[in-house]
Amino acid sequence: MRRRVVAGNWKMNGTQAEAAALIRGIEQGLGDVRRTEVLVCPPFVLIPIVAEWLGGSRVAWGGQNLSAHKSGAYTGEVSGPMLRDFGCSHVIVGHSERRALYGEDDQTVAEKFRAAQGVGLVPILCVGETLAERESNETERVVARQIDAVVGMVGIGAMDSAIVAYEPVWAIGTGRTATPEQAQAVHAFIRGRLAQTSSTVAERLRILYGGSVKGANARQLFAQPDIDGGLIGGASLDAQEFLGICRAAD
Ligand code: PEP
């Protein structure tokens, strides 16, 4: 049985006061969520205070991105060792907004994945197709390419200390969720592809769904056999909504 995970991606949102209220709300309502792993990924500048508030709590925290480099002349970047220094356990890698808006290609994403694992961070590798790709029946080809780029660089064994998030680009922040059946089909495809190399790793891998998940649709999504939790954007900014998703996962 794979342990469920619910991860909140706050994206570029939140003042210190808003983050404080959100964290307080999540912590207060988490009492009945017993088995699911819960984590939040705030913007970099909020990580130190989130770390302070969450220290000793069962909610983990992570980054939304990292540099492939450890340190040096990379103005504006934040490295894996820096995230570790602030207590991060996870980091999102290859989010579709990074791929689309900041030109991160499969090679860059694989390098970031490797950099994350190199310092003991668990990468949450995001994969997913655009609407045009889905409509031209390219979903599997795109997702396979994104996964293969990483496995080709780090090897199948590295997937044992990673999480994958299937996030169809057309469902992110659009209010348009993949149906549970659509999501399950891609999750099963991802697991099956990895199983060609190692059925043990494939069976253990947690694959999260992301794309307009809300308290109201989470339960049906998480009922699918290959959906092991969610990567939550918009709804992770509302404590009650986020808690509803955590309870659905639990
Ligand atoms: C995300 O940012 O990864 C995401 C899935 O966003 P949303 O839940 O808002 O669609």
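Guide: Helices and strands here are DSSP runs numbered from the N terminus, a helix having at least four residues and a strand at least two. On that numbering, Asn65 is placed in the loop between strand 3 and helix 3. The model is a predicted one.

Visitor: Is Asn65 buried or exposed?
Guide: A residue counts as buried under 20% relative accessible area. Asn65 has a relative accessible area of 9%, so Asn65 is buried.

Visitor: Which side chain makes a polar contact of 2.9 Å with that of Asn65?
Guide: Leaving aside neighbours within four places in sequence, Asn65 is in contact with Phe44, Leu83, Val91, Ile92, Arg98, Glu104 and Lys112. The polar contact of 2.9 Å joins the side chain of Asn65 to that of Lys112.

Visitor: Where does the ligand sit?
Guide: There are 14 residues around the ligand, and Lys11, Glu167, Gly173, Ser212 and Gly234 come nearest. As for the site, the ligand sits in the second largest pocket.

Visitor: How much of the ligand's accessible area does the protein cover?
Guide: An N or O atom in the side chain of His95 is 2.8 Å from a ligand oxygen, and a polar side-chain atom of Glu167 is 2.7 Å from a ligand oxygen. A backbone N or O atom of Ser212 also lies 2.7 Å from an oxygen atom of the ligand. Of the 290 Å² of accessible area that the ligand has on its own, the protein covers 96%.

Visitor: Is Ser212 buried or exposed?
Guide: Ser212 lies in the loop between strand 7 (206-209) and helix 10. Its relative accessible area is 11%, and the limit for buried is under 20%. Ser212 is therefore buried.

Visitor: What is the phi of Lys11?
Guide: Lys11 is in the loop between strand 1 and helix 1. Ser212 has a positive phi, near 55°, in a residue other than glycine. Lys11, also a residue other than glycine, has a positive phi, near 50°.

Visitor: Which residue follows helix 2 with a positive phi?
Guide: Helix 2 (residues 47-54) has Ile47, Ile49, Val50, Ala51 and Leu54 as buried residues. These pack against helix 1, strand 2, strand 3 (59-63) and helix 3 (80-85). After the helix comes a residue with phi near 85°, and that residue is Gly56.

Visitor: At the start of helix 11, which backbone nitrogen does a side-chain oxygen of Asp238 reach?
Guide: In helix 11 (residues 239-249), the buried residues are Ala239, Phe242, Leu243, Ile245, Cys246, Ala248 and Ala249. They pack against strand 1 (5-9), helix 1 (16-29), strand 2 (37-41), helix 10 (215-222) and strand 8 (229-232). At the start of the helix, the side-chain oxygen of Asp238 comes within 3.0 Å of the backbone nitrogen of Gln240.

Visitor: How is Ala149 classed: buried, partly exposed or exposed?
Guide: Ala149 is found in helix 7 (residues 139-154). Not counting residues up to four places away in sequence, Ala149 touches Asp106 and Ala110. Buried needs under 20% and exposed over 50%. With a relative accessible area of 25%, Ala149 is therefore partly exposed.

Key. Residues numbered from 1 in each chain as written. Predicted model: local features only at pLDDT ≥ 70, side-chain atom pairs only at ≥ 80, totals over all residues. Heavy atoms only, no water. Buried < 20%, exposed > 50% of the residue type's maximum accessible area, 1.4 Å probe, protein only. Contact = heavy atoms within 4.5 Å. Polar contact = N/O pair within 3.5 Å; in protein donor to acceptor, adjacent residues only side chain to side chain. Near = heavy atom within 4 Å. Areas by Shrake-Rupley, 256 points an atom, 1.4 Å probe, with all protein chains shown as cover. 1 Å grid on protein atoms, 1.4 Å probe; cavity = no way out; pocket = protein on both sides within 12 Å on 5 of 7 lines; lining within 4 Å. Sits in = over half its atoms within 2 Å of the grid points.
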